[in-house]
Amino acid sequence: MDTREFDQIYRIDIDKLKAYYQRVKKGLKDQETLSTLAYFLHHAQSLRSSMNEIIDVLKYYQDKMKEGKTLFDLAIEWVRARIIRTDYLKHLGSYSFPSFDVAIDDCLFHFFLRFDEKLRKLLKEDIKEFELSVLHAIFFYPNEEKIDFHELLEKFKHRIPTFYQGSKKIDTRIITLRSGLSEIIKKDYEIIKRRT
């Protein structure tokens, strides 16, 4: 699937979401942007993470956005990630993968590489790979599980290095994705296998 196909399949009605966000903003006019966005994601998009968890994530990444990009753009990708998660689970359940390793490679290729490209376009070039890995983990976590954002940051900080050749960052996106998503895919894979 190329990027254009990906965008069409996972197209989001941004105007509709913006209009809804503006209504939320009006209703919460005394709230700061982080709280308003967290409310928007928590209530409007049915994220089960607590408001404080969502605020922690948004606060951490607000200084990591590229010029001209906003936290609302990041929130839109969080919404898109929830849609992708639904399709990815169907995909995981509809194939008989010979092993977990084959399942993870297949899912990375079909779903997560294109999404990673979209995320990287929002974030500054100097973002650390562990920060991207954590973002993927947060976005694709099962909705029913509790997330400890700060614990994930600490865990991934020591697991996923950022490599440079001179001043140029080396592309390690597969390692970043595998590190951020392999535990999630493994859990999903095992749950689906038990059901079948």
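A cavity is a set of grid points where a 1.4 Å probe fits but cannot get out, whereas a pocket is an open set with protein on both sides. Rolling a probe the size of a water molecule over the atoms shows where empty space is left. The model examined here is predicted.

With a cut-off of 30 Å³ or more, the structure holds 1 cavity. The space in the largest cavity comes to about 60 Å³. Its lining consists of Leu-47, Ser-49, Trp-78, Arg-82, Ile-138, Tyr-141, Pro-142, Asn-143, Glu-145 and Ile-147. By class, that lining has 6 nonpolar, 2 polar and 2 charged residues.

The open space comes next. The volume of the largest pocket is about 230 Å³. Lining this pocket are 14 residues, and Arg-120, Glu-125, Glu-129, Lys-169 and Arg-173 are those that lie nearest its centre. Two or more residues of the lining come from each of H6 and helix H7 (129-140). Charged residues number 9 in the lining of the largest pocket, beside 4 nonpolar and 1 polar.

Helix H6 covers residues 100-122.

Notes: Residues are numbered from 1 along each chain as its sequence is written. This is a predicted model: local features need pLDDT of at least 70, side-chain atom pairs count only at pLDDT 80 or more; totals for chains, interfaces and linings use all residues. Side-chain values use heavy atoms; hydrogens and water are left out. On a 1 Å grid over the protein atoms alone, a cavity is a set of points where a 1.4 Å probe fits but cannot get out, and a pocket is an open set with protein on both sides within 12 Å along at least five of seven lines; lining residues have an atom within 4 Å of a point. Grid points are joined across faces, edges and corners, and a volume is the space filled by probe spheres set on the points. Ala, Val, Leu, Ile, Met, Phe, Trp, Tyr, Cys and Pro count as nonpolar, Asp, Glu, Lys and Arg as charged, and the others, Gly among them, as polar. Helices (H or I, at least four residues) and strands (E, at least two) are DSSP runs, numbered from the N terminus. The expected span of a helix is 1.5 Å times one less than its number of residues.
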